[in-house]
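The sequence and structure are shown first.

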Amino acid sequence: MRARMADIARQAQVSEATVSRVINDRPGVSPETRQAVLTALDVLGYERPERLRKRSAGLVGLVVPELDNPIFPAFAQVIESTLAQQGYTPVLCTQSPGGVTEDEYVEMLLDRQVSGIVFVSGLHADTTMDVERYHRLIGRPLPIVLVNGHTAGIDAPFVSCDEQMAGDLAVGHLASLGHRRIGMISGPHRFSPVQRKLAGYRAAMQRELGVPAADADDLVELTLFGVEGGEVAAERLLNKGVTGIICGSDLMALGAIRAARRRGMNVPTEVSIIGFDDSPLMAFTDPPLTTLRQPVAAMAVAAVRSLVDDINGHGSPRSEYLFRPELVVRNSTAMAPARRASTASAAAASVA
């Protein structure tokens with residue numbers, strides 16, 4: 001049992017003494033730590049002691065694309081805690097380049113006889129991928145819920161942030177500050193959330209500034225998600241003379257700020273930058289980042305409720321639940337340089 005105890009402790013990232021207290025149902029362990037040990041038992045294939053089995057209604061898989069982007073740990077934390085409150089044991093599956101694929105994780109979860117799976121920004125968000133993998137799960141039948149990345153034809157609940165509204169709100173904010181050349185940075189076009197953001201951006205550029213879609217597209221740079229992608233794309237947009245940049249993620253926005261500073265430009269007096277997600281710590285960056293906040297808690301709770309309803313046989317609407325993003329204005333956006341100069345001139349003239 002000693003070797004097994006060590007394995008469980010390592011998996012749960014706790015001490016062997018803590019594992020012993022949980023297995024023997026002793027007090028002095030927080031609910032979160034107890035749940036981590038029980039999850040480690042399940043993941044490693046060990047049987048729970050009889051007295052502990054009744055505490056879990058079953059395993060539920062949670063598949064996320066990565067943990068480098070802080071928005072995904074934020075989703076995972078709320079989904080896992082909400083599942084635990086419902087009596088389910090979450091099994092977190094994190095992908096990484098060259099690592100275990102989503103399909104491989106699904107096979108592992110099926111071997112564990114999970115009660116359902118929540119996919120966050122999975123392959124369902126990629127419009128070039130075959131959705132038959134999800135049809136097969138639904139046909140087993142296995143309840144699934146898909147978060148961010150609506151795809152028509154999949155008979156399952158979808159929970160999404162309204163990305164089109166996010167693109168629209170971002171343009172509206174910058175236009176209200178006097179910006180006229182507003183660029184957009186996002187990930188590859190094959191992802192449905194990217195397509196929606198672009199639709200919102202184009203519509204708002206036409207409505208707010210009278211810029212036709214073809215001209216707006218000249219100020220769009222699609223690249224790899226992440227800080228590096230945002231930095232490279234921002235360089236290209238700054239060469240085109242933009243004074244405002246909308247980014248498809250907070251990490252891309254941090255890359256755009258880095259590109260501006262490398263040119264000696266001040267953010268926000270010379271260029272305004274907007275992110276997306278409002279992931280943890282964005283209020284503490286330099287400058288604090290203006291961003292579109294995803295309502296992570298509300299989305300995560302809705303996803304779990306839909307899944308649990310399906311597991312319990314109550315059914316859940318096969319539709320998309322759209323959640324409105326919130327514009328959070330901080331210090332990375334400001335009045336456009338041209339408007340600031342005009343305002344200063346008018347003020348000087350009135351004084352004279």
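The text below takes up the pockets, then the cavities, the sheet and the helix.

The model is predicted: local features need pLDDT of at least 70, side-chain atom pairs count only at pLDDT 80 or more, and totals for chains, interfaces and linings use all residues. Residues are numbered from 1 along each chain as its sequence is written, and side-chain values use heavy atoms, with hydrogens and water left out.

**Pockets and cavities**

On a 1 Å grid over the protein atoms alone, a cavity is a set of points where a 1.4 Å probe fits but cannot get out, whereas a pocket is an open set with protein on both sides within 12 Å along at least five of seven lines; lining residues have an atom within 4 Å of a point. Grid points are joined across faces, edges and corners, and a volume is the space filled by probe spheres set on the points. In the class counts, Ala, Val, Leu, Ile, Met, Phe, Trp, Tyr, Cys and Pro are nonpolar, Asp, Glu, Lys and Arg are charged, and the others, Gly among them, are polar. Helices (H or I, at least four residues) and strands (E, at least two) are DSSP runs, numbered from the N terminus.

| Space | Volume | Lining by class |
|---|---|---|
| Largest pocket | about 1100 Å³ | 18 nonpolar, 13 polar, eight charged |
| Second largest pocket | about 750 Å³ | 15 nonpolar, seven polar, two charged |
| Largest cavity | about 40 Å³ | seven nonpolar, two polar, one charged |
| Second largest cavity | about 30 Å³ | two nonpolar, five polar, two charged |

The lining of the largest pocket has 39 residues, and Pro65, Glu66, Phe72, Phe191 and Phe225 lie nearest its centre. Helix H5 (71–85), helix H9 (192–209) and strand E9 (272–277) each give two or more residues to this lining.

In the second largest pocket, 24 residues form the lining, with Ala36, Thr39, Glu80, Pro90 and Leu92 closest to the centre. Two or more lining residues come from each of helix H1 (2–12), helix H3 (31–43), H5, strand E2 (88–94) and helix H6 (102–111).

The whole structure holds two cavities of 30 Å³ or more. Residues lining the largest cavity include Ala166, Gly167, Met184, Lys197, Cys247 and Phe276. Helix H8 (163–176), strand E8 (244–247) and E9 each give two or more residues to that lining, and H8 gives the most, with three. Around the second largest cavity, the lining includes Asn148, His150, Cys161, Glu163 and Arg196. Its largest share, three residues, comes from H9.

**The sheet**

Six strands form an open sheet in the order E2-E1-E3-E4-E5-E11, with parallel pairing; two strands pair if DSSP finds at least two bridges between them. E2 and strand E11 (320–323) are the edge strands, each with a single partner, so one side of each has no neighbour in the sheet. From one strand to the next, the twist averages 15°, where axes are lines fitted to C-alpha atoms, for helices over the stretch in contact, and angles run from 0 to 180 degrees between N-to-C directions. Strand E3 (residues 116–120) and strand E4 (residues 144–147) run parallel and are joined by four bridges. Val118 is opposite Val145 in E4.

**Helix H13**

Helix H13 (residues 296–311) has 16 residues, which at 1.5 Å a residue should span 22 Å, and its end C-alpha atoms are 22 Å apart, in agreement. The expected span is 1.5 Å times one less than the number of residues. Buried residues of H13 include Val296, Met299, Ala303, Leu307 and Asp310; buried means under 20% relative accessible area, exposed over 50%, and partly exposed in between (1.4 Å probe, protein chains only). Gly313, which follows H13, has a positive phi near 80°.
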